[in-house]
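Please read it beside the sequence and the model.

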Amino acid sequence: MPPFPLTRRRMLQMGAAGLALSQVGLRPDPAHAAETVALQLSWLHSVQFAGSYIAQRNGWWRDAGLDVSLLQGGPNAPVEPPVVAGNALVGISAADYTAAAVAQGAPFKIIGVAMQKNPFVIASLPENAVRQPADLAGKRIGMAIANTPVLQALCQLNDVDFNAVQIVPTQYSAQPLISEDVDCLLCWETDLPVAMAMQGIKAVTMLMADHGYAVHSQTYIATEESLADRRDALVALMSGEVRGWNAYRADTDAAAALTVEMFPDAGLDLPTQKLQAQRQVPLMFSAQTDQHGFGWWSDEAVEDNIRTLALLGSKVTPDLWDRSILDAVHGG
Amino acid sequence: MADAVIGTLILLALWQGLAFALQDRFLIAGPAQVLGWSIANAGLIGRALVVTGSNAALGFLAGNLAAIGLAALALVVPRLIPMISGLALVVFCLPMVATGPILRVMMGPGNGPQIVLAALAVYYTTLIPLLAGLRAAPASWLDLIHVYGRGRWAELRHIRLRAALPYLAAGLQIAAPAAFLGAMVGEFTGAERGMGVLTIRFTRALDIPAIWSLAAIAALVAIAAYALIGGIARRILHEPPPVILAPPPGGPTQRGWMQALAVLIAVLALWWAGMRLAGLSPFFAKRPSDVLAALAWAPDAAQTRGTLATALAQTARHVLPGYCAGLALGAGLAVLLGLVPRLSAVLTPLAVALRSIPIVTTAPLIVLLAGRGAAGTVLLVAVMVFFPTFVACQHGLRQAPGRILDVFDSYAASRLRKLIHVGIPAMLPALFAAARISVPAAVLAVTVVEWLATGGGIGGLMSLSASVSDYDMLWSAVVLVTLMSWLGHAVISAAERRVLATHAPEQVRP
Amino acid sequence: MAAEAGIACAGLHKAFGEVEAVRDFSAHFASAQTTALVGPSGCGKSTLLRLIAGLDMPDRGTVAIDGQPPERLRERGAISVAFQDPSLLPWLTAARNVALARKLARQPADPALVARLLQMVGLGQFAQSRPATLSGGMRQRAAIARALVTGPGVLLLDEPFGAVDELTRRQLAQDLPPLWHEMGATTLLVTHSVSEAVLLSDRVLVLSPRPAQIVADIDVPLPHPRSPALPDTPAFHRIEAQIRAALSHALDAA
């Protein structure tokens, strides 16, 4: 499925047209009143969720009879409770968090995978770089203690002696690396390295997904109940997402600009958003998604995830993933 | 007034100097940088301030009205006082890590959780002084009412309501910065905009000038609200502000234990029934029985208890030294200013500023400056405890009976002597009152810092548990934290009764 | 009612825990007369006053005012008390403090009377001042004005001039009694000052140390109004001496 040939100008025009329509009061016929659903995002608004904004702005959900509200996340806004409670039809989670919630009795399925590659990286400075897992030995790594199992799994996958790495508990901030209190950081490809780049500091990043750490991230989750009873809404929601993310891929700068425009109060900075948008692309799109469509995953990927999750202490089975919604989206 | 201006200028100069000295460390933005950033981003900050400010104002209103309503109920049915103050304390001790997401699920998108958390942050500090104020009228004023054959309503109308006003004003003054903090923390539950949202954003982006600007502006707003309420109170009221010396609730008598038991039963019943009635999913809204099971007979109960004990021990290592340091600093500074009054020009604005800056903006900065080790957390707890202690102790020192001081003056006693023999004993009741009210504040501070910045201790455990959906652990931690705050409060009250019985018997009323 | 006019105390008894404050106190205070209760400090005088005002309930015995229990009269605003502690409300001006008593007694406001009384107690210029800015003596005088403003049938004064200087006290002793005579108030005055008792009253009851009992009942047959020079006359000195003798006798006996 080829990505949409969508230029930035065209997209903004469409956005403006959608806006104009809603202003003259061309609402959907009450007989086909839009179904109201919510998508619970996993963090604050940013280009991380730009595909959804594009779908929203272009009215792709509205045309499918869906009135979608995008609920922002935050440090005290876990994704799972609103999805379990039914406040949100779909939530943006990650395979490890979803697995943990399922182990606690939540009836979740993963119905789409936005980040095929886990965004965790080891970031370091060029003069003292960590380019492959073996370089970790003897290094001081700044990270949250809670992420210890992640580092353990990486070491185990690559035969690195975990005890040779010195963990320094730090805030989620690049500051300890810049001031050389640590040699490297465990962080996301798309945030701290981007922040550093914007400050003119070039960082070397080693993507853990390139070294066997297979954990699907930015996964779409829904409850089994919704999968049974609200299938149409799920399909409509996911098709909007697919369409939005394809448009995103076509012009990440336009996606970043739309994000900044839609959330003027979020304190977003356009150059930063543009850089983040670019860096997200290789994590979300691959030959596989080119072939099967956005959000799709292979059975091998599921096997890899199950193996990595086991290293993190989670036992999951392949039926945590449910491809039926994506099949309907890409099939129809 | 001129002194305060000079003091503020000195502080600004020190701040700017420090920023210059540490220029390359990505730690401090000086006042000039802050001003520049704020002007460049005036629109963004202005809109965020309006959102957070109006939520804080609504929460302030709701929380204080609730406090006034509860105080009125206590006045009409005095037998309910132990129950009301007991429940109020328990609700006040609930960690926001747990209440935030539940409020969000119950109230949906919008400003609900921000307003409720702001209200929860203020109602206790208004209720307690108000309960004291309504009972604070001297017996002879009430006799005046009775002489003319009038009853409780005339008492209320002509004496108690008016006599409670200074206490209400004192409570409202403390409440203003607290409401702002509550509204900001409420935004962490997924609000679209506001100062709290920007704080998260800029902390993540390591935008040092932006973080410092947010902290400075939040502090300015809080200080302005504090000063405004103080100013209004001074204009309206004609008596000097009171020292809030609510006599501690029932001691370890049999009746005290019965009351504690009644409060416990009420808490459990409200917890259970509230979750049932709100239809909250047992996946994340655990019932008392779930917590009991998780701690007592679940297969992994021993492990859960172990995890909790480890986390609690770590938190205790931060909160106890911080709490004691805060008390010592507060009392010490009050004493120091008693000896060298000129220092107050510099120290008083610093004290007000330190306390008014919402802890969510200071936490990342202090941890940045002092490191993630014990020092940063201890420091933050100390800051939270320090200010109410300082204010109370200053009041207390001023309470030193004039005639006794005259006796000392007649012997040409030094300031130090007067302080030791008159001032400090007069200050004791105030110190204890501050120590008691500071217990929940210290626990709030330590859990917020662990949650937002260091990731350790019981606060870190709560946030980790929420992220991996281990809600049994989260609720067990909530119960434990609440219980600890409550016990700490009870221990201080008991000590207070013992000490005051000898040093200030008039404060301990039957 | 004529037979019972005035205040009748019969067998009053009051104890606070182990401490007996008043024991078997019986007395009759004639209508429109001023009686001073004199006794050593802490003898239970104030307790007696509170029992008569109905602010405290006696353990035994009764109080009847014009044949009725004090509560009845209180409801009509017919009793006024000026306490030892002036207990003015700090948020009200002197004038409003005085006016409050009329409000409490459910009487119509009377600003002219308030002003006249404040003038009479020497606070004419301070009507709009708040208590915090007044001296101790000024506050006591405001409290007396407040007690008088309702035109009470029974006026109970508890050490009303404790904080008033000697000169002002003599002035007040000349100005005030005509006022309460004019109202026809039955006045009880508690004091430990013998000269004050003689200066102000028609009759002096000397009380024993705690528990309070009457040890002497002395008439003061001096004409009203009493001049400021009265304390310097032999008649005044004679009565003073009589009271002092009774007091020291009571103290010796204890």
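Which residue of β9(A) is the bridge partner of A:S124? The bridge partner of A:S124 in β9(A) is A:V204. The model is predicted, so to speak of local features pLDDT must be at least 70, side-chain atom pairs count only at pLDDT 80 or more, and totals for chains, interfaces and linings use all residues. Residues are numbered from 1 along each chain as its sequence is written, chains are lettered from A and ligands numbered from 1 in the order in which they are written, and side-chain values use heavy atoms, with hydrogens and water left out.

**Sheet in chain A**

- Five strands of chain A form an open sheet with mixed pairing, in the order β7-β6-β8-β5-β9; strands are DSSP runs of E with at least two residues, helices are runs of H or I with at least four, and both are numbered from the N terminus.
- The edges are β7 (166-169) and β9 (204-207) of chain A, each with a single partner strand, so one side of each has no neighbour in the sheet.
- From one strand to the next the twist averages 30°, as an angle (0 to 180 degrees) between N-to-C directions of lines fitted to C-alpha atoms.
- Strand β5 (residues 120-124) of chain A pairs with β9(A) in the antiparallel sense over 4 bridges; pairing requires that DSSP finds at least two bridges between two strands.

**Chains A and B**

- Of the 2 pairs of chains that touch, A and B have the most contacts, a contact being heavy atoms within 4.5 Å.
- Chain B gives 43 residues to this contact and chain A gives 45 residues.
- About 3,800 Å² is buried between chain B and chain A, with 56% of it on carbon and sulfur atoms; buried area is the accessible area (1.4 Å probe) that two parts lose on being put together, summed over both.
- There are 2 salt bridges between chain B and chain A, each a side-chain nitrogen of Lys or Arg within 4 Å of a carboxyl oxygen of Asp or Glu.
- A salt bridge joins A:D265 and B:R193, with the closest N and O atoms 3.0 Å apart.
- On the side of chain B that touches chain A, two or more residues come from each of α3 (42-76), α5, α9, α15 (359-370), α18 (415-454) and α19 (457-467) of chain B.
- The most comes from α9(B), with 7 residues.

**Chains B and C**

- This contact takes 25 residues from chain C and 17 residues from chain B.
- Chain C and chain B bury about 2,000 Å² between them, 66% of it from carbon and sulfur atoms.
- In chain C, the residues that lose the most area to chain B are C:R74, C:W91 and C:L104, together 35% of what that side buries.
- The interface of chain C and chain B has 1 salt bridge; B:D143 and C:R50 meet in a salt bridge at 2.6 Å, N to O.
- Chain A and chain C have no contact, and their closest C-alpha atoms lie 47 Å apart.

**Domains of chain B**

- Chain B is assigned domain 1 (20-242) and domain 2 (284-510), with bounds from an automatic or database domain assignment.
- In chain B, 36 residues of domain 1 are in contact with 32 residues of domain 2.
- These two domains of chain B bury about 3,100 Å² between them, and carbon and sulfur atoms give 86% of that area.
- On the side of domain 1 of chain B, B:C93, B:V97 and B:L181 lose the most area to domain 2 of chain B, together 17% of what that side buries.
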